[in-house]
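Me: I am new to reading protein structures. Could you walk me through a few features?

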Amino acid sequence: RMFHDDELEESEKFYVGQPRVLLLIYALYNTLVARSEMVCYFVIILNHMISASMITLVLPILIFLWAMLSVPRPSKRFWMTAIVYTEVAIVIKYFFQFGFFPWNKHVDYTKDKPYHPPNIIGIEKKEGYVHYDLVQLLALFFHRSILKCHGLWDEDEKGDSSSNKEDTDDELSLTGGRRGSSASLKSVNLAASVESIHVHFPEQQTAIRRKSSSSISQLSHRSSFSSHRSKRGKCHGISGNHTTLSLYFLQCKLCAIKSHFGLCSFRTLQVYMPIRQFFYNLIHPDYSAVTDVYVLMFLADTVDFIIIVFGFWAFGKHSAAADITSSLSEDQVPEAFLVMVLIQFGTMVVDRALYLKKTVMGKVIFQVILVFGIHFWMFFILPGVTERKFSQNTVAQLWYFVKCVYFGLSAYQIRCGYPTRVLGNFLTKSYNYVNLFLFQGFRLVPFLTELRAVMDWVWTDTTLSLSSWICVEDIYAHIFILKCWRESEKRYPQPRGQKKKKVVKYGMGGMIIVLLICIVWFPLLFMSLIKSVAGITNKPLDVSITITLGGYQPIFTMSAQQNQLKSLDPNEFNDFLRSYRGNTAALQFLEGYAREDITRADLEGNSNSLWTISPPSRNKMIQGLRDFDADFTLVISWTIQRTLEEVYPYYIKAPSDSLAKPIKQLLKGMSPDHGKQNMWENITVSLVKNASEEWWVLNQLGKRHKTLHESLELFIFSDKVSPPSLGFLAGYGIMGLYASVVLVIGKFVREFFSGISHSIMFEELPNVDRILKLCTDIFLVRETGELELEEDLYAKLIFLYRSPETMIKWTREKT
């Protein structure tokens with residue numbers, strides 16, 4: 001060993017011998033220390049999500065547009081700004097908690113108003129007004145203590161002082177020597193405003209880098225130095241050997257501006273120029289540790305897209321109880337849903353375009369617009385639209401938190417720079433089952449593959465036409481799938497002459513059999529279970545009866561509501577079932593109904609409307625009733641009464657649609673003399689007359705619940721209906737499901753089992769490495785700008801697929 005220490009070994013042994021729970025606590029603490037700046041970001045964002053005020057809005061914007069864009073880490077200036085700002089916010093909130101302020105006298109009335117000025121500013125009186133601010137301040141002090149422990153807290157000031165001293169030395173002596181070796185890498189310059197690592201090479205470059213990467217404090221010193229020289233009327237003393245020409249002109253402009261526009265304009269430029277220099281150095285870094293986090297940004301946007309689809313009601317005014325499936329099933333597109341989806345999809349398209357063009361400047365501009373735009377919309381526009389505070393909108397808070405993750409990833413992408421080459425799909429980097437199934441699932445999403453291919457063609461420099469581009473993409477996808485299968489065959493080889501194992505046959509084959517059976521019988525199973533298991537009882541709210549004789553004015557109209565609609569108790573229901581004990585058809589029908597599905601309607605026998613009929617029609621009706629060839633008898637008195645036989649349906653079925661019909665199974669009974677006979681009920685119809693008015697009275701003769709007054713009794717069997725969330729699928733019915741689901745899926749399954757012989761030439765390729773390399777070579781030369789070579793390689797690929805002999809040679813196993 002090069003280094004040995006007994007105390008360190010004893011310490012290591014002691015640490016390893018600790019309980020696992022304690023080791024876990026140590027590991028969590030070390031993780032917290034290593035990512036303490038992320039803890040600060042999280043607490044700041046959480047505080048803003050809960051408070052949602054202008055006071056807490058400043059720090060999240062500074063995080064995404066300053067701290068996370070700083071290279072290699074946020075400066076001491078940022079952390080001091082966050083600490084001081086949090087302390088001032090705590091004092092301001094505390095000051096406005098006193099009750100003598102006018103807006104604190106009616107807190108209960110104004111606490112839920114999103115546009116109440118104290119609520120917007122964040123100075124409203126409330127319980128626990130400062131809890132999250134104190135946690136935020138504690139996290140900031142914790143991070144500061146960690147930086148101090150590692151000697152990183154005062155690093156910026158040391159870099160500033162050394163740079164200022166070297167600048168002074170350079171101005172005094174143009175030929176001054178250098179400290180340290182000019183041929184070796186110099187120390188890292190952690191300037192506060194530039195926030196980028198500058199790797200210094202030879203002597204002249206070192207001076208230029210140091211000058212161009214000045215910090216805010218450096219610029220401030222230089223500005224004061226420049227003003228001092230302007231009093232002498234001079235702008236010289238700048239060494240051309242150690243300073244860029246742009247900095248020389250900048251200092252001269254500052255001198256002129258100070259003399260012409262006064263101190264106010266000069267102070268404004270002192271703030272503007274460091275910000276401008278910060279973003280300039282961000283877009284034009286001396287070096288960039290390129291990375292690619294586009295996939296993670298795309299996943300964050302996808303999660304936000306899903307939140308919008310399933311929680312769109314949180315972004316509308318009167319849509320708190322809305323359901324996207326029911327809205328779409330009624331051919332209605334909510335405005336909030338449409339706007340949110342289009343904006344989210346548009347940002348994803350723009351992000352893809354910037355990624356393909358690899359333009360950091362465009363990404364910075366897009367980041368600034370998104371940060372300000374989303375924060376303005378979420379915390380100032382959305383509360384007015386929804387009429388509730390952002391802190392009371394859980395879905396919007398979740399959407400904003402995921403968007404903050406996206407902002408952090410975007411800042412990391414900007415800070416590191418885009419990758420120089422974008423080769424293929426991110427799912428095709430490995431050849432295993434996971435990538436295979438994910439890639440095939442990606443290709444199954446409607447229009448996603450096509451949209452990605454067209455966007456890549458639009459925003460990538462290429463000589464290929466759109467059809468040729470799509471051809472290369474399709475060949476690459478096909479070859480990747482074959483490569484995955486060949487790699488799986490190498491990992492799990494099958495010896496020659498050995499039959500397939502039962503695990504493989506029953507695992508794969510059994511799963512396919514079960515899947516096919518489920519697809520075939522899915523509509524029947526779904527329609528059976530949707531109402532029996534997940535069905536909802538749909539009881540009637542109104543039952544109406546109307547009786548008309550011979551096409552004249554209705555003689556009887558009556559309806560039953562509320563208390564007149566009664567459910568059967570258990571004893572009544574059991575008696576009802578026993579009455580059909582010998583009727584097989586009736587019992588089979590009753591199997592599908594429970595006690596709560598049956599409703600008994602009691603209708604008053606007296607019509608609820610007077611009988612209005614013209615005298616001629618009345619005379620005609622009297623003549624018809626006096627016809628002795630009719631099927632019913634008539635007794636003439638002050639009332640007209642006759643018996644109507646087997647016309648009243650005692651049992652009515654109320655299906656899920658609007659058409660109600662009699663239940664024939666319950667309206668047919670068994671008679672020992674005549675076999676099956678009709679059991680429709682008989683009713684009596686009477687016309688009651690007084691001095692000037694007349695109305696009809698109906699009475700049912702065979703009622704289960706005997707009543708003394710004239711009335712009608714009706715049993716309604718209500719079919720269960722599907723839940724609202726599944727109504728759009730159950731509405732198709734069994735035949736609709738077979739036509740739309742089974743037949744469509746069956747078409748794709750049939751394509752898998754038939755037509756295989758036509759694709760043997762392109763499917764049974766033993767070794768696809770050379771074809772895969774040819775595709776990746778096309779991607780590579782396209783990224784490097786070798787467009788003529790791209791055309792040649794594409795022609796080679798097309799010739800390969802046109803020549804079976806060449807394809808055989810290219811795909812032989814390596815020997």
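Predicted model: local features only at pLDDT ≥ 70, side-chain atom pairs only at ≥ 80, totals over all residues.

Me: How do I describe two packed helices, and what is the case for H3 and H4?

Reply: Two packed helices are described by the angle between their axes and the distance between the axes. Helices are DSSP runs of H or I with at least four residues, numbered from the N terminus. Axes are lines fitted to C-alpha atoms over the stretch in contact, with angles from 0 to 180 degrees between N-to-C directions. Here the axes of H3 (residues 36-51) and H4 (residues 54-67) come within 8 Å and cross at roughly 140 degrees.

Me: Which residues of H3 and H4 meet?

Reply: Contact means heavy atoms within 4.5 Å. Among them, Tyr-41 and Ile-44 in H3 meet residues of H4 that include Leu-57 and Phe-64.

Me: What makes Trp-377 and Trp-399 an edge-to-face pair?

Reply: Rings of Phe, Tyr and Trp (its six-membered ring) pair if their centres lie within 6.5 Å; planes under 30 degrees apart count as stacked, over 60 as edge-to-face and the rest as tilted. The ring centres of Trp-377 and Trp-399 are 5.9 Å apart and their planes stand at 80 degrees, so the pair is edge-to-face. Trp-377 lies in helix H16 (residues 360-386) and Trp-399 in helix H17 (residues 394-416).

Me: Is Trp-399 buried or exposed?

Reply: Buried means under 20% relative accessible area, exposed over 50%, partly exposed in between (1.4 Å probe, protein chains only). Trp-399 has 4% relative accessibility, so Trp-399 counts as buried, while Trp-377, at 24%, counts as partly exposed.

Conventions:
Residues numbered from 1 in each chain as written. Heavy atoms only, no water.
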